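Here's a quick tour for anyone about to set up calculations on this one.

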Amino acid sequence: FSPRALRGVTLANRIVVSPMCQYSADNGAATAWHMIHLGSLALSGAGMLCLEATAVEPEGRISPDDLGLWDDRCEAALEPVLAAIRRHSPIAVAVQLAHAGRKASTASPWRGSGQVGPDKGGWVPHAPSPLPYGERDVVPHALDEAGLRRVRDAFAAAAGRAARLGIDGIEVHAAHGYLLHQFLSPIANRRDDSYGGSLDNRMRFPLQILDAVRAAFPADRPVGVRV
């Protein structure tokens, strides 16, 4: 229960509300559900509240119902939620920036899970290599140099939007088999360029993402990574 400083942000205690996917966004934008859900957690007494996995581009969503932070509409939808939290709670607020990679375009849990095809409102996922996550899943697009730049820029842009919103910290999601974890994994990453093969090569893209996010977010606010 003692305070903890993370760069220029001091948490009142070391209890953090973990990011929890809600599958309740409107094309990436927060809804009234987020106001109620996050507002209630903000009154918990925890030192920090972390927003759910927030996609940096539409193709990076786990499901079509995921929260996002890729455009002005997504940013604007979070403003009233954060303003309400600030009015009623001293809790620090972080966001988990994410890209689902080959595990993207799946149904929300209560809609049966499983991949949602392009013919049903889904999309073809992007991944380090053209290897589907499941035997029945569509083969993902392997990210080329332009795709890698696009994803890097998307993470940096989302970090900039988080800064404008006054969010106190960022967690970069590199776990749970999502895109950055896929680059780290020799199972999902079968590339033969500088982003595949050795551990140093497989770490290259996640580290570039971290550098891009750190550069786009104020130096006095923390950036972490989930592995």
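This is a predicted model, and with a cut-off of 6.5 Å between ring centres, the count comes to three aromatic pairs. Take Phe183 and Phe205: their ring centres are 4.7 Å apart and their planes sit at 40°, so this pair goes down as tilted. Phe183 belongs to helix α4 (residues 179–184) and Phe205 to helix α5 (residues 199–216), so the pair ties together parts that are 22 residues apart in sequence.

**Rings and burial**

- Phe183 has 0% relative accessibility, so this residue counts as buried.
- Phe205 also counts as buried, because its relative accessibility is 0%.
- Tyr195 and Phe205 make an edge-to-face pair, with 6.1 Å from centre to centre and 85° between the planes.
- That pair links distant parts of the chain, 10 residues apart: Tyr195 is in the loop between α4 and α5, while Phe205 is in helix α5.
- Buried or exposed? For Tyr195 and Phe205, the answer is that both are buried.
- Put together, ring pairs join Phe183, Tyr195 and Phe205 into a cluster.

**Charges over rings**

- Lys103 lies over the face of Tyr178, 4.8 Å from the ring centre.
- Arg221 has its charged end over the ring of Phe217, at 5.5 Å from the centre of that ring.

**The sheet**

- Five strands make up an open sheet in the order β3-β4-β5-β8-β9, and the pairing is parallel.
- The edge positions go to β3 and β9, which have a single partner strand each, so one side of each is left without a neighbour in the sheet.
- Between β8 and β9, the parallel pairing runs over four bridges.
- Glu171 stands opposite Gly224 in β9.

**The largest pocket**

- How much space lies in the largest pocket? It comes to about 190 Å³.
- There are 16 residues in its lining, and those nearest the centre of the pocket are Met48, Cys50, Ala94, Ile170 and Glu171.
- At least two lining residues come from each of β3 (16–17), β4 (48–55), β8 (169–173) and β9 (223–226).
- β9 gives the largest share of this pocket's lining, with four residues.
- By class, the lining of the largest pocket has 11 nonpolar, three polar and two charged residues.

**Cavities**

- Searching the whole structure turns up two cavities of 30 Å³ or more.
- The largest cavity has a volume of about 60 Å³.
- Residues lining the largest cavity include Ser18, Met20, His34, His37, Cys50 and Glu52.
- Both α1 (32–42) and β4 supply at least two residues each to the lining of the largest cavity.
- Seven nonpolar, four polar and one charged residue make up the lining of the largest cavity.
- The second largest cavity holds about 40 Å³ of space.
- Among the residues lining the second largest cavity are Ala53, Thr54, Arg61, Asp66 and His99.
- Which strand gives the largest share of the lining of the second largest cavity? That is β4, with three residues.
- The second largest cavity's lining divides into five nonpolar, three polar and two charged residues.

How values were computed. Residues numbered from 1 in each chain as written. Predicted model: local features only at pLDDT ≥ 70, side-chain atom pairs only at ≥ 80, totals over all residues. Heavy atoms only, no water. Phe/Tyr/Trp six-rings, centres within 6.5 Å; stacked < 30°, edge-to-face > 60°. Buried < 20%, exposed > 50% of the residue type's maximum accessible area, 1.4 Å probe, protein only. Lys NZ or Arg CZ within 6 Å of the ring centre and 35° of its normal. 1 Å grid on protein atoms, 1.4 Å probe; cavity = no way out; pocket = protein on both sides within 12 Å on 5 of 7 lines; lining within 4 Å. Points joined across faces, edges and corners; volume = space filled by probe spheres on them. Nonpolar A, V, L, I, M, F, W, Y, C, P; charged D, E, K, R; others polar. Pairing = 2+ DSSP bridges.
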